[in-house]
Amino acid sequence: MTDLRDFEDFVGDDTDETDRGEREGHRPSERTDTDTTRSDDGEDTPASNTADAATSDERGLEFDEYDADPVGTERGVGAIAVSQGLRVSEDRERTTLRAFVTAGNREHVRLGTYLIVPYPDGEDLFCRIVALEYAQEFQADDATEIHARRAMRRPSDEFEERDYKFMAELEPIAVLFSDGGELKRRMVDRVPKPGATVGEANDATQIKTGLKIPEDGVFLGHLSVGGEKVRTAAQPPTIDYRLKDDYTDGDPLVFRHTLVAGGTGSGKTHASKNIIRQYLSSARTYEMDDGREVQTAVVQFDPQDEYAQMHDDNPGMDADTARRYEREGIAHGGHDDTLALVPKMAGSSYPGSNHRAEQLEFTIPFSMARDLPWLVAGSSLNENQYPALLELLNRFFRSYGDGGTYREFLTFLDDPALKEELDESGRVHEATFDAVKRRVRGVPDGVFDQDARPITDLDHELVRPGGLTVVPTYHLSSSRAKELFVLAVSAMLIDDKLSNDPSSERIKETPLVLGMDEAHNFLTNADTVQARKVIEKFTEAAKQGRKERLGLFLITQDPQDIADPVFKQINSKVVLNLGDEDAIKSVNIPPNLEDKVPYMEKGQMVVYSPDNSEPVELKGLSTCVTRHGD
């Protein structure tokens, strides 16, 4: 049995009857011009005419060609289709909004692309593409062996778009309308007309209004779709994304706290430096209760010794990049008012060789333990031990005054007469006394009372309007020591900011951003009293800081480890690439953006700030605004 494979492989017998007759020894009869033949309609036709007809058949039938394309110039990328329904609903799951995309536009549309659909009365529907699909234009079965093998032989770039429908599913975001010459947005409350033209949003004002992005504020990055910046016809062609930074619609978002989350190599430190530099712009001030306009101060805890580099210019920034940043109102260049406030600990030294910022050492005076007894609680204290520690500290400071040192306190506890007196008076049981003594001795050696200025005397150096203070902890010998220094400095700042009777008016009267890199190491639930007190202090700051112009700026690669009382108060989340599923789930961003996070390249980010804008994808600045790295 012959295998015909497919029709293209089969070559039929082209031999006509005349050739066959000649092979059989017969000659065809010769016809004259008067010979006739019977036509299909039964009439006799001259043979010559029949020959002409045969010649025509051999050439093939010829038809006049007509242009099937509509006359006129196309606008947009397609039109609203109703073949599968057309409906907008308060329940997004019940919304049916689809557009047919014309063949010439199909290569350019992407998931997440922002579109405009006009209404007849001048309003516009602002929406974005959430799904794309090909559908068959004609009833045919292309799931066959013949179709498959032909497609496999065809060059990969040969594809007849007109044979298929290309459909885009749209998610309505807002209705745009003009009010007194100003473009505004409202919730989607009407359905577009069937066949309405669908165009790509390319007007910066429309896009910013549709996404509720403020015109002014703290620059974070440029709006993007699929890692590509959204382009418009304006100059500059990009869409700048900014966080609201005035009191028009509530408190500035800097005082409602920010989280930057990203894995190793995602660019989170690069992005964080770019954002912090915007807070330090000389043009950025905040109104205080007494009417003064004051620049914010930034205090940044730095476990990897990277942020003091912000003092220096980025040597990799060329003049063209600098001019572009200036045109877009992006603060750039090294920040001269940068101070590395270095914790001094016995046996540890701070190299500080990777930046040119001023360095100033400080120590924790033991006198801080009078108000912060947890500083000397080596581990958790029970309900009997904590009052005992307070009793011992009060007795010590009554005898030694504020100049009393940690070493003197240890000697004070070694007095057997004190132990006996407290036990006999019923104030502190001897077993409790011994337990407290063991815990106090568990504090890392060399933390208190070193040869440096006390942090309590450095409030004007620690907090400076428009100044960046970096507190490096990389050089400290243990995590316990790092916790002690972070607790001491953060408690001093937070207590004075939230107090009605502060020790430092400078701290109280200066807007403050308190930043912490590797926040998961300090703000995770732990079993030491110092770690718990750090969380308590930051929770107080998160809950009450807004009204006192105190904002938290937390940076982490493990957002799932941030203590819930702090995490729940964060309004703005900047999420870069995260590979861990638990980490991605913990940041609680919309599912459509959540799915993108593991695939984002360095510098790509998702911003979820409900009080600022719709959730969006951004691309950060490729060139850091200050020095970054070696």
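Mentor: Start with a term: helices (H or I, at least four residues) and strands (E, at least two) are DSSP runs, numbered from the N terminus. This is a predicted model, where local features need pLDDT of at least 70, side-chain atom pairs count only at pLDDT 80 or more, and totals for chains, interfaces and linings use all residues. Residues are numbered from 1 along each chain as its sequence is written, and side-chain values use heavy atoms, without hydrogens or water.

Trainee: How much space lies in the largest pocket?
Mentor: About 1200 Å³. A pocket is an open set of points on a 1 Å grid over the protein atoms alone, where a 1.4 Å probe fits, with protein on both sides within 12 Å along at least five of seven lines. Grid points are joined across faces, edges and corners, and a volume is the space filled by probe spheres set on the points.

Trainee: How many residues line the largest pocket?
Mentor: 42, with Gly112, Thr113, Arg128, Ile129 and Val130 nearest its centre. Lining residues have an atom within 4 Å of a point.

Trainee: Which element gives the largest share of that lining?
Mentor: β7, with 5 residues.

Trainee: And the second largest pocket, what's its volume?
Mentor: About 490 Å³. It is lined by 19 residues, and Lys212, Ile213, Pro214, Glu215 and Asp249 are the closest to its centre.

Trainee: Which element gives the most there?
Mentor: β8, with 4 residues.
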